[in-house]
Amino acid sequence: MKKYLVPSRAAKRAHYDEATIHAILDEALYCTVSYVSEGLPFSIPTAFVRHGDKLYIHGSVGSHFIRILEQGIPVCISITLMDALVIAKSAVSHSMNYRSVILFATAEKVEDDMQKADALEWLTNKVVPDSWDYLRPMTDKELRKTTVLAFDLAEASAKIRTGMPNDEPEDESLPIWSGIIPLQTSRLAPIGDDSSQGIPLPAHLENLLR
C-alpha cells in the first residue's frame, strides 16, 4: 500500500475494500480534481461517474483544465459525502460524520467514440437516472467537441466517521446537549422552464419524487 493512502490521523477510519469505495463514488454527484500546473496549484470541482474500476469525467476539448489533465500529470481526486454534524459538549470535540474517498491517478483520454458515448450515458443517467434515452440524441459534432478522461481506481482509499460525539470523560456529566444533526442531499420536485409549459413530467422525473 502506498504511504500516501494511509491517513496521518484516525487511521482506524480508513477503508481500502472495493465495495466501500465504490458505494461512496456511486452516491456522490461530483468530485474535486487537484493538480499542479506550471508551479501553481489548481482544484476543480466536476461531475463524475464510476464504471467498473475507473472514474470518468468530461469537458470541452478546448477546456484548459481538460487539456492539462490529458497530458497525464498526477492528480488527486477527492469525494466527500456529509452525513451529520456531530455536536459535542465542547467545541474542540465537535466533528462531522462523513464518507470520503481519495484517489491518486493520471488521466487516460478515451479516444474511441463508442466508449466516449457510453461514458457520457453513464454520467447522464447517474445525475438524472434513466434520462439518457428520453433526451435528444447527442450529435457526432457534440461528441467530437467533448473530451472524456478515465482514472484508474487502483490507488484509492476511503475514510469514514460514524456515530455520536467523543466527549472527554470529564465532560460527559455536564448539563450540555450533545448528539448529531443528520444531513441529507435529496432531489426535490422538478421545476420546468417556460419552454416546458404543457409538457407532462416524464416518468423518470416522476420517479425522483417517490
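The legends below describe an overall view and several close-ups of one predicted model. Local features are given only where pLDDT is at least 70 and side-chain atom pairs only at pLDDT 80 or more, while totals for chains, interfaces and linings use all residues. Residues are numbered from 1 along each chain as its sequence is written, and side-chain values use heavy atoms, with hydrogens and water left out.

**Figure 1. Overall view of the protein.** The protein contains five helices and eleven strands (DSSP runs numbered from the N terminus: H or I of at least four residues for helices, E of at least two for strands). Its C-alpha atoms fill a box of roughly 65 × 50 × 30 Å along the principal axes. Of the 210 residues, 35% count as buried (buried is under 20% relative accessible area, exposed over 50%, partly exposed in between; 1.4 Å probe, protein chains only). Among contacts (heavy atoms within 4.5 Å) between residues at least 6 apart in sequence, 72% join residues at least 24 apart.

**Figure 2. Salt bridge between arginine 50 and aspartate 26.** The closest N and O atoms of this pair are 2.8 Å apart; a salt bridge here is a side-chain nitrogen of Lys or Arg within 4 Å of a carboxyl oxygen of Asp or Glu. Arginine 50 belongs to strand 4 (residues 49-51) and aspartate 26 to helix 1 (residues 18-27), so the pair ties together parts 24 residues apart in sequence. Arginine 50 is buried at 19% relative accessible area, whereas aspartate 26 is partly exposed at 38%. By the same rule the count comes to seven salt bridges.

**Figure 3. Salt bridge between glutamate 108 and lysine 54.** Here the closest N and O atoms lie 3.4 Å apart. The pair links distant parts of the chain, with glutamate 108 in strand 8 (residues 108-109) and lysine 54 in strand 5 (residues 54-60), 54 residues apart. Glutamate 108 is partly exposed, with a relative accessible area of 43%.

Figure 4. Glutamate 142 and arginine 136 have their closest N and O atoms 2.8 Å apart. Glutamate 142 is partly exposed at 28% relative accessibility; arginine 136 is exposed at 57%. Salt bridges that share partners also join Glu27, Asp83 and Arg99 into one network.

**Figure 5. Nonpolar surface patch.** Leu29, Tyr30 and Val127 make a nonpolar patch of about 260 Å² (residues with over 30% relative accessible area and no salt bridge; nonpolar side chains, Val, Leu, Ile, Met, Phe, Trp and Tyr, are joined within 5 Å, like charges within 9 Å). Tyrosine 30 lies in strand 2 (residues 30-37) and is exposed, with a relative accessible area of 51%.

Technical notes:
Areas by Shrake-Rupley, 256 points an atom, 1.4 Å probe, with all protein chains shown as cover.
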